[in-house]
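This report is meant to be read alongside the sequence and the three-dimensional view. Please keep both at hand while going through the sections.

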Amino acid sequence: MANTRHGAVESGEIRETVTHSPYRGTMERRIDPSIVDVTPPRRHDGRVVRVSSDYARLRKLDHLLVGEDDARVAVAVVCETVGVPIPRLKFHARRSPFTGACEAPRGRVSDGLTVVGDVTAPTGSSHSEHGAIRLGRSVTLMTLAHELGHHIVNHLDHPRTPSHGKVWVGRFDEAAAVIDGMVGTDPT
Ligand SMILES: [Zn+2]
């Protein structure tokens, strides 16, 4: 089952499914998380609590854990729904389920106030065309939504948008809403 889903992402099937009716496509894609009881405090939680449109949803997603295959499906559906390219995903065995990292797309890699150009730029050349997200081999859905929030900002918002400001919280919520819609009613 997991391999079939992975294959679907690789073959671009999700792109086709979701293009015509984003929300219907989202509803048709299910992910099957397991529950994690204890979660660590988060550095940016103060602002997220104040600004999020649905903080309870974010907390719920932090207790739901998925592996690589479900993470790939969730990323693909969020990107298609929001209308941004799918980032390269890099899974690391030693990264905790509660941390991730987002790399800007090649054309948006910035050096101070200067946006560095494309492949010819020395500091940009190692970056993925559409950006990348680093995750643990298992990851909570809140962490996934957090990093997708950065990815969406990188593609749709101003280059100087603060990393963990209000705009990002809005994108975090946007990603979380799509992911929440993919979770079955009783995850086990
Ligand atoms: Zn962050």
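## Basis of the report

The model is predicted, so local features need pLDDT of at least 70 and side-chain atom pairs count only at pLDDT 80 or more, while totals for chains, interfaces and linings use all residues. Residues are numbered from 1 along each chain as its sequence is written, and side-chain values use heavy atoms, with hydrogens and water left out.

## The chain as a whole

The secondary structure of the protein chain comes to eight helices and eight strands, where helices (H or I, at least four residues) and strands (E, at least two) are DSSP runs numbered from the N terminus. Of the 188 residues in the protein chain, 47% are buried; buried means under 20% relative accessible area, exposed means over 50%, and partly exposed lies in between, with a 1.4 Å probe and protein chains only.

Among the contacts in the protein chain with a separation of 6 or more, 75% come from residues 24 or more positions apart, a contact being heavy atoms within 4.5 Å. The protein chain exposes about 9600 Å², of which carbon and sulfur atoms supply 51%; accessible areas come from the Shrake-Rupley method with a 1.4 Å probe, and for residues only the protein chains shown count as cover.

## The zinc site

The zinc ion has as its protein donors the NE2 atoms of H146, H150 and H164, lying 2.0 Å from the ion. Donors are N, O and S atoms within 2.8 Å of the metal (3.2 Å for Na, K and Ca), and water is not among the atoms, so sites may look incomplete.

Along the chain, the donors of the zinc ion follow the spacing H-x3-H-x13-H. H146 is buried, with a relative accessible area of 15%.

## Salt bridges

A salt bridge is taken here as a side-chain nitrogen of Lys or Arg within 4 Å of a carboxyl oxygen of Asp or Glu, and by this rule the count comes to nine salt bridges. One of them joins K60 and D180, with 2.6 Å from N to O. This pair links distant parts of the chain, as K60 is in helix α5 (residues 55-62) and D180 is in helix α8, 120 residues apart. K60 is partly exposed at 41% relative accessibility, and D180 is partly exposed at 21%.

Another bridge is formed by E68 and R137, whose closest N and O atoms are 3.1 Å apart. Because E68 lies in helix α6 (residues 68-82) and R137 in the loop between β7 (132-136) and β8 (138-140), the pair ties together parts that are 69 residues apart in sequence. E68 is partly exposed, with a relative accessible area of 26%, and R137 is partly exposed at 45%. Salt bridges that share partners also join R42, R59 and D62 into one network.

The side chains of R57 and D54 meet in a salt bridge as well, at 3.9 Å from N to O. Within this pair, R57 counts as buried at 16% relative accessibility, whereas D54 counts as partly exposed at 29%.

## Helix α6

Helix α6 has 15 residues and reaches 21 Å from its first C-alpha to its last, close to the 21 Å expected at 1.5 Å a residue; the expected span is 1.5 Å times one less than the number of residues. The helix is mostly covered, with 14 of its 15 residues buried. After α6 comes G83, whose phi is positive, near 90°.

## Cysteines and a loop glycine

A disulfide is a pair of cysteine sulfur atoms within 2.5 Å, and by this rule the count comes to zero disulfides. C79 counts as buried at 1% relative accessibility, whereas C102 is partly exposed at 23%.

G107 lies in the loop between β4 (101-103) and β5 (110-111) and counts as partly exposed at 44% relative accessibility. The C-alpha atoms of G107 and S128 are separated by 9.2 Å, and these residues are 21 residues apart along the chain.
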